Amino acid sequence: TVIVQKGTLHVGDIVLAGPFYGRVRALKNDRGKSVREAGPALPVEVHGLSGVPEAGAMLVVLEDEKEARRISEERSFDIKTKQTKGVARHLTLESLHQRIQEGVFKELKLIIKADVQGSAEALTQSLEKLSTDKVRLHVIHGGIGGVNESDVMLAAASDAIIIGFHVKAEVRAEQLSEEEGVEMRFYNIIYEAVEDVQKAMEGLLEPTIQEVSEGRAAVRKVFRSSKIGTVGGASVLKGKLSRANKVRLFRNQAVIFEGK
């Protein structure tokens, strides 16, 4: 939503606001009715930007779409650079062995989140058994459900690593972990989590294969079909879905299905 300060904003104009740009696809006035243009002092909703800028950002009209894209990319790069420089260097499993070798690291703090209480307790016991004379493993918090903002803030304050078992992180928690530089690892098998931590302590941990999410959708309604089984009617919230994608289905942040 913007208030025009100078000139006239038209449908079809190429606009730039913060790191986002686009062509105005529609304008709506304060009554929700579509309009073709808006002059000074008129508030309107602008549809067509590639993202939502922060409140207070100036929206400007440009003549050349290529120029708008160039400026948008430069601003996006500057923002990412500033965020990267400001990220604190918290402990990761990759850096664990080096910290142990330096002799200044005595305790590995972990936060465990699992789908059920039994899994959380089993994982906690298995991990704490890995304690040695050089380093003690201590689970400072264990809980049920997905990783949330409070978990990330606790990890940042305690220099801890978050381990999730059959759960995922909330969207805001994912963003916060990147901002704070907190490592989160997710597993479906307890043995794999224990093995990774043990290898990290011994300096044998292999490079991490990072999972990239291409899209996110919400199931709105479930249909039953005698020919193809259960069909989930879903709306895409972010990114895109394709036939070849592998998917995970979550209910209350816990994994209930995984497949194609």
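Here are some friendly notes on strands, a helix and the nonpolar cores of this structure.

1. This is a predicted model, in which local features need pLDDT of at least 70 and side-chain atom pairs count only at pLDDT 80 or more, while totals for chains, interfaces and linings use all residues. Residues are numbered from 1 along each chain as its sequence is written, and side-chain values use heavy atoms, with hydrogens and water left out.

2. Glu-107 stands opposite Arg-136 in β10.

3. Next, the core. The largest nonpolar core has 22 residues, and Leu-108, Leu-110 and Leu-123 are among those touching the most other members. Such a core is a set of buried Ala, Val, Leu, Ile, Met, Phe, Trp, Tyr and Cys residues joined through side-chain atoms within 4.5 Å. Buried means under 20% relative accessible area, with a 1.4 Å probe and protein chains only. The largest share of this core, five residues, comes from α6.

4. Now to α6 itself. Ala-193, Val-194, Asp-196, Val-197, Ala-200 and Met-201 are buried in this helix. Seen down the axis of α6, the buried residues fall within an arc of 160°, so they line one face of the helix; the arc is that of the directions from the helix axis to the C-beta atoms.

Notes
Pairing = 2+ DSSP bridges. Helix = DSSP H or I, 4+ residues; strand = E, 2+ residues; numbered from the N terminus. Buried < 20%, exposed > 50% of the residue type's maximum accessible area, 1.4 Å probe, protein only.
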